[in-house]
Amino acid sequence: MDFSVLGPVTVIAGPPAAPIELPLGPAKRRSVLAMLLLRPNATVSVEQLITSLWEDEPPAHARTVIQGHVSRLRAVLAEGGAEDHGVELATHSSAYLLRIPESLIDTQRFDQLTAQASPESAPGEAVRLLRQALGLWRGPALTGTVASPPFAAAAHALEERRLSAVEALARAHKALGEHEEAVRALHPAAVANPLREGLIAALMLALYRSGRQSDAFAWFHRTRQLLDDDLGVDPGQRLSAAYQEILRAAPEADGPQGGTESAGAPGPSGQPVPSAASHQQSMAAASAAAPVPELLPRPPAGFHGRGAELAELTRLTQGSAEPAQGGAAGGSGGYPQEGGIALLTGPAGVGKTGLAVHWGHAQAAAFPDGRLFADLRGFSGGEATVPAEVLREFLLALGTPAEQIPTSTEAASALYRSLAARRRLLVVLDNAGSSAQVRPLLPGGPHCATLVTSRSRLDGLIATDAARPVRLHALGTEDGAALLGALLGPARVAEDPEAARELVALCDGLPLALRAASAQLMARPRWRLARLATALRDERRRLALLSAEDTGVAAALRNSVARLSADDAQLLRALGTGFAREVNTAEAAALSGADPELIQDSLERLAEMHLLDEEATNRYVMSDLVKLFAQGDGSGRGEGSGGAPGEPSQGA
């Protein structure tokens, strides 16, 4: 068994190969368990529980309510095999006691790991221990408990312990000379805690030691302004000391520690001090630093798998220590010689947007100057977003006053490239319809990374801008079943693994279809997975069942087909009704009654839109869901989709 409070309050039981999350019930019941887990093997009085569970005046029957929650918790723990693990929830007069081996509680394991870490004397071992400790966190502590002062105080205390561990991890990386790693550890915590001066000071020093002087100065001035605006105070001793230390040692421009020809005279420490003019320039640049834009949508819920694609995106956009097969290694500092452009393509509903957004959040530390996001609406069924609108939003996010934004697309694009030239930005251009739509939005400078998603291959962007393609395929059976488990809960999938695998097959492994299927099951908690699988076997109903309000496979495919010419749409309809799985040019020509040379071009366009897959030379494959959709009238009307009107960008 595993008891967790470092994130959502949960209890996991069962074998490691098939873990089951126990149903703990409503917030107050979870809160009772959480309070007992915060004080394991010690009595917690009913009065303490009442104070914690009711922020206002408790009801007259509060004791009875708590007794009911404790009784139900006992039953749930017993069903999960608590006795076999030495876990017992006992009553002691007007108090309760949770007897439990402390190794089963994540907070106790966290404390043990952090206590063993010695960042200064044994930094290598400390990095391992502290990463293991921080890996126990799955979100804000005590998520799912009631919003009362005792739980808020407990969550704050746990968060302080986490931040102390982050700072200790950074000190260990510093002792090893791994200053970029220290930045990666500190940056997300600093963004989330902008007034924690010790954390900002550590980040400033790590940035400077990794050769990013202007970034360090920018963090100081941002924090100084926040302290003044929010608290009306000046920077404290630690923040000021870090600033002075960098000031005494800093060269004129970003670069590794050490003197340069343009540096000023040596200071008392023997290290170069910048001249007054260069210092004023540095301060002006830092003071004028724009806000750090964070425009990414929230991470997709239940994201699972895609390890190879995530690693490939990192390699293509940020460089790597080792050359890729057939290519050169990344540029200095881990970045490509030119700003990397990754082009993520695949069929409708395969999860391109979700992958891009998940990767962007996971790589936040690599882009300390911000993350920009725009839905270009290239396949959303309405008007595509024009570049001028996106440029205006980007320039505003980067701190440009509205009255200073140029009116012409060319001038706005030039200003945008200039602002991005010396920054480390991530730019996500989602749901692109064409290469021409994307080009004005590509940032300048070698340290920016751009991630473009599209249902089209966008060959033009590869030819003119050296975009690196990453093709996203449907999920395999195991990953698809794991996604169902993440959305529905592992227990529900574990009840009928065969039905889960069948659902993945009926959904063609498309995350959008699996999410729509999960929505059907979550709306019907008494349904077993096999019941939905049986319903989906009926091809006449499948597309309708794989829809949830404005989201669904049929809506997504309709928006793709809307981009086709009348002849290509007619060919798609003919292929949907005329062959089982694969076809060649001659067979397609016979089905449609058209010239084989013209058919070859049409087949290529359908493959470019990922409505067909060319598995081998002149062998084209159509997925089952596309085939069902194509059996409508060619535009998607009549495919039995339930009339879902459109598709949000998350399903692209």
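This is a predicted model: local features need pLDDT of at least 70, side-chain atom pairs count only at pLDDT 80 or more; totals for chains, interfaces and linings use all residues.
The chain runs to 652 residues, and 50% of them count as buried. Its secondary structure comprises 28 helices and 16 strands. As for how the chain folds back on itself, take the contacts between residues at least 6 apart in sequence: 68% of these join residues at least 24 apart.

Next come two pairs of helices. Two packed helices are described by the angle between their axes and the distance between the axes. For the pair made of helix α1 (residues 27-38) and helix α6 (residues 149-175), the angle is about 50 degrees and the axes lie 12 Å apart. Angles of 65 to 115 degrees count as roughly perpendicular and those under 35 degrees as roughly parallel, so α1 and α6 are oblique to each other. The crossing of α1 past α6 is left-handed. On the α1 side, the contact is built from S31, A34, M35 and L38, while α6 brings in F151, A154 and L158. Sorted by class, this contact of α1 with α6 holds six nonpolar residues and one polar residue, with no charged ones.

The other pair is helix α12 (residues 307-318) with helix α13 (residues 352-362). Here the axes come within 11 Å and cross at roughly 65 degrees. This time the crossing, α12 past α13, is right-handed. From α12, the residues taking part are E309, L310, L313, T314, T317 and Q318, and they meet L355, H358 and W359 of α13. What classes do the residues of the contact of α12 with α13 fall into? There are four nonpolar, four polar and one charged.

Finally, one residue gets a look of its own. D215 sits in helix α9, which spans residues 213-231. Is D215 buried or exposed? Its relative accessible area is 9%, and the cut-off for buried is under 20%, so D215 counts as buried. Setting aside neighbours within four places in sequence, D215 has contacts with L207, D369 and R424.

Note on methods:
Residues are numbered from 1 along each chain as its sequence is written. Side-chain values use heavy atoms; hydrogens and water are left out. Axes are lines fitted to C-alpha atoms, for helices over the stretch in contact, and angles run from 0 to 180 degrees between N-to-C directions. Helices (H or I, at least four residues) and strands (E, at least two) are DSSP runs, numbered from the N terminus. Angles under 35 degrees count as roughly parallel, over 145 as roughly antiparallel, 65 to 115 as roughly perpendicular and the rest as oblique. A crossing is left-handed if the near helix is turned anticlockwise from the far one by less than a right angle, and right-handed if clockwise. Contact means heavy atoms within 4.5 Å. Ala, Val, Leu, Ile, Met, Phe, Trp, Tyr, Cys and Pro count as nonpolar, Asp, Glu, Lys and Arg as charged, and the others, Gly among them, as polar. Buried means under 20% relative accessible area, exposed over 50%, partly exposed in between (1.4 Å probe, protein chains only).
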